[in-house]
Amino acid sequence: MQTIRRLCPYICWIEPTGDVEADVRVILAANGKPATLQHVLKVAETAMRMAQRWGLEEGCVSQAALLHDVSAIMRPSDMLLYAQEQNW
């Protein structure tokens with residue numbers, strides 16, 4: 001339960017749509033991370049080209065690229081506490 005509370009200021013108010021790109025846009029914009037948003041969108045573009053070239057599953061590649069920096073919304077102290085709570 002503590003883990004959920006730690007993440008709530010960042011994400012609990014978001015109603016997931018099932019569209020990962022749209023949800024990432026909302027999360028990053030709402031948490032004041034426009035540069036991170038632009039970065040992950042560029043990474044996703046590049047990842048998709050690589051997926052097409054190498055015959056990889058584009059949906060998984062796109063989602064991984066869009067989500068790879070989503071933790072940027074958290075304060076470093078919260079990241080550390082969350083990792084410790086997860087025994088990482």
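The model is a predicted one, in which local features need pLDDT of at least 70 and side-chain atom pairs count only at pLDDT 80 or more, while totals for chains, interfaces and linings use all residues. Residues are numbered from 1 along each chain as its sequence is written, and side-chain values use heavy atoms, with hydrogens and water left out. The secondary structure of the protein chain comes to five helices and zero strands, where helices (H or I, at least four residues) and strands (E, at least two) are DSSP runs numbered from the N terminus.

**Overall layout**

- Read from the N terminus on, the elements of the protein chain follow the order α-α-α-α-α.
- Along the principal axes, the C-alpha atoms of the protein chain fill a box of roughly 45 × 30 × 25 Å.
- Of the 88 residues in the protein chain, 27% are buried; buried means under 20% relative accessible area, exposed means over 50%, and partly exposed lies in between, with a 1.4 Å probe and protein chains only.
- Among contacts in the protein chain between residues at least 6 apart in sequence, 53% join residues at least 24 apart, a contact being heavy atoms within 4.5 Å.

**Packing of H2 with H3**

- Helices H2 (residues 20-30) and H3 (residues 34-54) pack at an angle of about 160°, with their axes 9 Å apart, which makes H2 roughly antiparallel to H3.
- Such axes are lines fitted to C-alpha atoms, for helices over the stretch in contact, and the angles run from 0 to 180 degrees between N-to-C directions; angles under 35 degrees count as roughly parallel, over 145 as roughly antiparallel, 65 to 115 as roughly perpendicular and the rest as oblique.
- The crossing of H2 and H3 is right-handed, a term used if the near helix is turned clockwise from the far one by less than a right angle, whereas anticlockwise is left-handed.
- From H2 the contact takes in Glu-21, Val-24, Arg-25 and Leu-28, and from H3 it takes in Thr-36, Leu-37, Val-40 and Leu-41.
- These residues of the contact of H2 with H3 divide into five nonpolar, one polar and two charged, where Ala, Val, Leu, Ile, Met, Phe, Trp, Tyr, Cys and Pro count as nonpolar, Asp, Glu, Lys and Arg as charged, and the others, Gly among them, as polar.

**Packing around H4**

- H2 and helix H4 (residues 58-67) pack at an angle of about 5°, with their axes 10 Å apart, and this makes H2 roughly parallel to H4.
- On the H2 side Val-20, Glu-21 and Val-24 take part, and they meet Gln-63, Leu-66 and Leu-67 in H4; by class, the contact of H2 with H4 has four nonpolar, one polar and one charged residues.
- The axes of H3 and H4 come within 8 Å and cross at roughly 155°, which makes H3 roughly antiparallel to H4, and the crossing of H3 and H4 is right-handed.
- Residues of H3 in this contact include Val-40, Leu-41 and Ala-44, and those of H4 include Glu-58, Val-61 and Leu-66.
- The contact of H3 with H4 has, by class, ten nonpolar, two polar and one charged residues.

**Salt bridges**

- A search of the whole structure finds two salt bridges, each defined as a side-chain nitrogen of Lys or Arg within 4 Å of a carboxyl oxygen of Asp or Glu.
- Glu-21 is partly exposed at 33% relative accessibility, and Arg-25 is partly exposed at 36%.
- The side chains of Asp-78 and Arg-75 also meet in a salt bridge (2.9 Å, N to O), and Asp-78 is buried, with a relative accessible area of 9%.

**Individual residues**

- Thr-36, found in helix H3, counts as buried at 16% relative accessibility, and, not counting residues up to four places away in sequence, Thr-36 touches Leu-28, Asp-69 and Ala-72.
- Ile-14 lies in the loop between helix H1 (2-11) and H2 and is buried, with a relative accessible area of 13%.
- The C-alpha atoms of Ile-14 and Ala-30 are separated by 9.6 Å, although these residues are 16 residues apart along the chain.
- Asn-87, in the segment after helix H5 (76-85), has a phi near 60°, a positive value in a residue other than glycine, and Asn-87 is exposed, with a relative accessible area of 71%.
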